[in-house]
Amino acid sequence: MSTKTAGTAAPSRREQILREAARLFAERGFHGVGVDEIGAAVGISGPGLYRHFAGKDAMLAELLVGISRRLYDGGRRRAEESAAADLPPGAALDALIEGHIDFALDDRELITLHDRELDRLREADRKQVRKLQRQYVELWVSAVRALYPGLTELEARVSVHTVFGLLNSTPHLSGPSALPDRETTAALLHRLARGALSSAAPPPEGPGGGSAVRAEYPAAGHGEGPGAPAPGAPA
């Protein structure tokens with residue numbers, strides 16, 4: 001589940017516990033935080049936490065399985081809404097990018113937790129996370145190939161993982177106060193994601209069937225195309 005609360009409703013006690021657990025685990029590591037400290041952060045005794053969770057392992061599992069489910073469910077909803085509205089492929093892809101940017105900016109602690117602590121989950125929980133992640137990736141692969149049909153399925157999948165790496169780098173940036181405002185940062189991340197995906201697409205073919213980009217330049221050694229020595233450079 002997300003550590004954020006939808007709408008304006010006050011977070012439940014369970015949501016408060018998860019939010020503080022995510023923050024503390026991300027700051028100090030899973031083993032660097034005790035149950036009593038999580039309880040103190042939300043104003044209850046450590047033993048009182050056990051009315052909500054069996055222990056730290058259960059909190060970590062709910063955080064990581066929950067955010068994976070939220071990403072997939074949100075991505076599927078956006079894809080279905082785009083299809084229902086008959087949006088063009090570019091707009092459908094933009095909707096997925098926007099949803100992931102919201103996650104990357106609002107849930108940095110969960111990105112850090114996933115990177116550091118995924119292997120601490122029980123095998124069943126870890127498999128569930130991986131399954132949800134694969135399903136989420138496939139939503140993106142379909143959207144990317146709809147816009148760039150020249151990409152193979154494998155190329156699209158590699159491109160999607162690369163864009164995830166770009167967007168999920170937010171925890172490694174400077175603190176929020178050192179970044180542009182949220183709207184500017186989101187717009188920048190969106191341009192970077194779109195640029196990376198468009199760069200992965202093969203260039204359109206020229207009139208003779210070859211690449212239009214390559215066709216603009218003479219072969220290496222004949223003229224001043226990219227393959228020719230620069231003027232004044234040794235041959």
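Predicted model: local features only at pLDDT ≥ 70, side-chain atom pairs only at ≥ 80, totals over all residues.
Colleague: Thanks! How many helices and how many strands does the chain have?
Modeller: Helices (H or I, at least four residues) and strands (E, at least two) are DSSP runs, numbered from the N terminus. Read along the sequence, the pattern is α-α-α-α-α-α-α-α-α. The count is therefore nine helices and zero strands.

Colleague: How far apart are the end C-alpha atoms of H6?
Modeller: The expected span of a helix is 1.5 Å times one less than its number of residues. H6 has 25 residues, so it should span 36 Å. The model agrees, because the end C-alpha atoms of H6 are separated by 36 Å.

Colleague: Now the largest pocket: how much space lies in it?
Modeller: On a 1 Å grid over the protein atoms alone, a pocket is an open set of points where a 1.4 Å probe fits, with protein on both sides within 12 Å along at least five of seven lines; lining residues have an atom within 4 Å of a point. Of the 21 lining residues here, His114, Arg130, Gln133, Phe164 and Asn168 lie nearest the centre. Volume is the space filled by probe spheres set on the points, and for the largest pocket this is about 480 Å³.

Colleague: Which element gives the most to that lining?
Modeller: Elements giving two or more residues to the lining are helix H3 (56-84), helix H4 (89-106), helix H5 (108-117), helix H6 (123-147) and helix H7 (153-167). With seven residues, the one that gives the most is H6.

Colleague: With which side chain does the side chain of Glu117 make a polar contact?
Modeller: Glu117 sits in helix H5 and is buried, with a relative accessible area of 4%. Beyond residues up to four places away in sequence, Glu117 touches Gly29, Phe30, Leu60 and Leu64. A polar contact is a pair of N or O atoms within 3.5 Å, one able to donate a hydrogen and the other to accept it; residues adjacent in sequence count only if both atoms are side-chain atoms. For the side chain of Glu117, the partner, at 2.4 Å, is the side chain of Arg120.

Colleague: And which residue has its backbone oxygen 2.6 Å from a polar atom of the side chain of Thr170?
Modeller: Thr170 is in the loop between H7 and H8, and it counts as buried because its relative accessibility is 0%. Leaving aside residues up to four places away in sequence, Thr170 touches Ala104, Leu105, Arg108, Ile111 and Leu189. The backbone oxygen at 2.6 Å belongs to Ala104.

Colleague: Last one: what is the phi of Asp86?
Modeller: Asp86 lies in the loop between H3 and H4 and is exposed, with a relative accessible area of 67%. Although Asp86 is not a glycine, its phi is positive, at about 55°.

Technical notes: Residues numbered from 1 in each chain as written. Heavy atoms only, no water. Buried < 20%, exposed > 50% of the residue type's maximum accessible area, 1.4 Å probe, protein only. Contact = heavy atoms within 4.5 Å.
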